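Hi,

Here is the structure I said I'd pass on.

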Amino acid sequence: MAHQEYKEMLAVLALSALDAVDERALSQHLSECAECRRELADWESTAAALALSAPPAEPSPQVRDQIMSAVRSDAQKQSTQSRVVEFPQSRRERWTAFGNVGAIAAAVLFLMLIIWILVLWQQNRALRRESDMLARQMQSIQEETARANELVSILSSPGARFRSLSGTGPGVGATAQLAYDGSGRALLMANALPPAPRGKQYQLWFIVGNNPPIPGQTFSPDEMGKGELRDEVPERALDSAVFAITLEPAGGSTAPTSAIYLRSGL
Amino acid sequence: MRSEQPHDQDVDLLKAIAARNEAALGQLYDRYRLILFGVLVRILNNREEAEDVLQEVFLQVWRRAADFDENRGRPFTWLVTLARSRGIDRLRALASRERVATMAGATEASEEVSDAATDAIRSEERGVVNSALAQLPEEQKRPLMLAYFDGLTQSEIALQLGAPLGTVKTRMRTGMMKLRELLSARGQYFH
């Protein structure tokens with residue numbers, strides 16, 4: 001991809017709206033191009049202005065208190081322990097006059113303990129959320145890596161082929177790629193498919209000449225329209241076939257019953 | 001017209017926060033709570049979740065203020081980007097929960113805003129942005145809003161609008177260029 005093409009993607013990157021493939025390619029370019037990094041900062045300023053189109057809203061007063069309380073406990077953690085139990089001498093003497101030093105000190109300590117536990121609980125909750133998010137990201141990366149490895153394995157096998165499928169009819173806007181090797185082992189990756197209605201799944205077909213389409217496996221895309229499928233390309237379809245995807249009753253059909261959503265060229 | 005003073009003041013506050021000044025964080029919160037909470041309510045359409053994320057944002061500011069580099073952008077951009085990013089993360093985490101796409105919540109929230117002098121300077125900027133957006137054709141404005149407030153990618157936007165991906169890409173880029181041009185025409189507000 002040329003420098004100019006990357007430049008044209010910067011405005012959309014500032015909105016974090018690039019698709020993953022484009023974003024990865026652009027990130028690589030940004031690490032090497034100071035001009036694009038400068039221009040990205042400019043676009044980020046434009047994107048941030050969109051925030052001002054949201055009506056201002058007033059959070060409840062407790063939010064400020066909770067933030068300041070959490071910040072104070074953060075600061076306390078960095079100070080010495082002696083400051084945590086420090087009491088002014090004069091106050092202690094005043095309480096002594098009432099003869100209840102032990103009980104009151106215990107009550108104060110108990111109260112501090114409760115507050116401390118509440119702050120820790122709140123921090124723990126935030127950390128757990130972050131941890132869950134990281135775990136999800138890690139799982140997603142592992143899945144992508146596994147898929148990439150499988151793709152490399154197929155494409156490095158003898159007789160490897162790579163075919164693109166384009167959206168058509170009700171599937172306009174969707175895309176898919178099909179990689180398979182000489183043994184027929186195949187991996188299909190589809191994007192931007194419309195959601196499959198309840199009781200329906202997408203199904204792969206192999207069309208050889210004027211013969212009836214040969215049914216393949218079925219799959220269900222996620223809420224983003226992404227789906228993947230592992231299948232075996234029949235021997236007679238290895239050298240010359242059109243690959244197509246239709247929407248079928250869950251479990252698949254023996255002959256297509258819907259319009260073609262995605263198809264390859266011959 | 002806006003002077004450089006608020007920008008410089010925000011930079012000073014961030015430097016003080018980086019030096020562990022709690023009062024500076026309180027001041028920054030007072031200056032930005034309305035706009036950041038407004039963005040979060042608009043993204044999440046839920047005050048409780050938005051308040052939770054707002055806390056996370058300011059705790060992150062407390063921990064990461066030293067990362068702010070005034071040579072790379074304004075404090076406003078840094079803070080808004082941080083809040084929007086956290087908001088979209090939370091939105092995705094809540095994706096299984098049904099979201100009611102209505103502006104009612106945001107309108108209600110805006111009515112609650114008191115006359116906050118600290119935020120008054122933004123009202124003029126707000127007018128500039130809304131006026132610029134009003135000048136964009138709906139076909140360009142809509143994908144920008146879907147990307148910014150709903151966190152959708154270009155493919156997802158194409159799917160939602162039932163438009164070809166190439167068309168959506170062109171409209172988004174054209175829309176952003178026009179928006180930048182309209183905002184730049186208002187001088188130092190956004191650059």
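Predicted model: local features only at pLDDT ≥ 70, side-chain atom pairs only at ≥ 80, totals over all residues.

As for handedness, the crossing of H7(B) and H8(B) is right-handed.

Who makes the contact? On the H7(B) side you'll find Arg142(B), Pro143(B), Leu146(B) and Ala147(B), while H8(B) brings Ile157(B), Gln160(B) and Leu161(B). By type, that contact splits into five nonpolar residues, one polar and one charged.

Now for the chain-chain side of things. Chain B puts 65 residues in contact with 44 residues of chain A. Elements giving two or more residues to that side of chain B include H7, H8 and helix H9 (165–184). The largest share comes from H2(B), with 12 residues. Sorted by type, the side of chain B that touches chain A has 33 nonpolar, 14 polar and 18 charged residues.

Last one, H9(B). This helix has 20 residues and runs 28 Å from its first C-alpha to its last, close to the 28 Å expected at 1.5 Å a residue. Buried residues in H9(B) include Leu165(B), Val168(B), Met172(B), Gly175(B) and Leu179(B). Charged side chains show up there too: Lys169(B), Arg171(B) and Arg180(B) are among the buried residues of H9(B).

Cheers

Conventions: Residues numbered from 1 in each chain as written. Chains lettered and ligands numbered in written order. Left-handed = near helix turned anticlockwise from the far one by under 90°. Helix = DSSP H or I, 4+ residues; strand = E, 2+ residues; numbered from the N terminus. Contact = placed C-beta atoms within 7 Å. Expected span 1.5 Å × (residues − 1). Buried ≥ 20, exposed ≤ 12 C-beta atoms within 10 Å, placed from the backbone.
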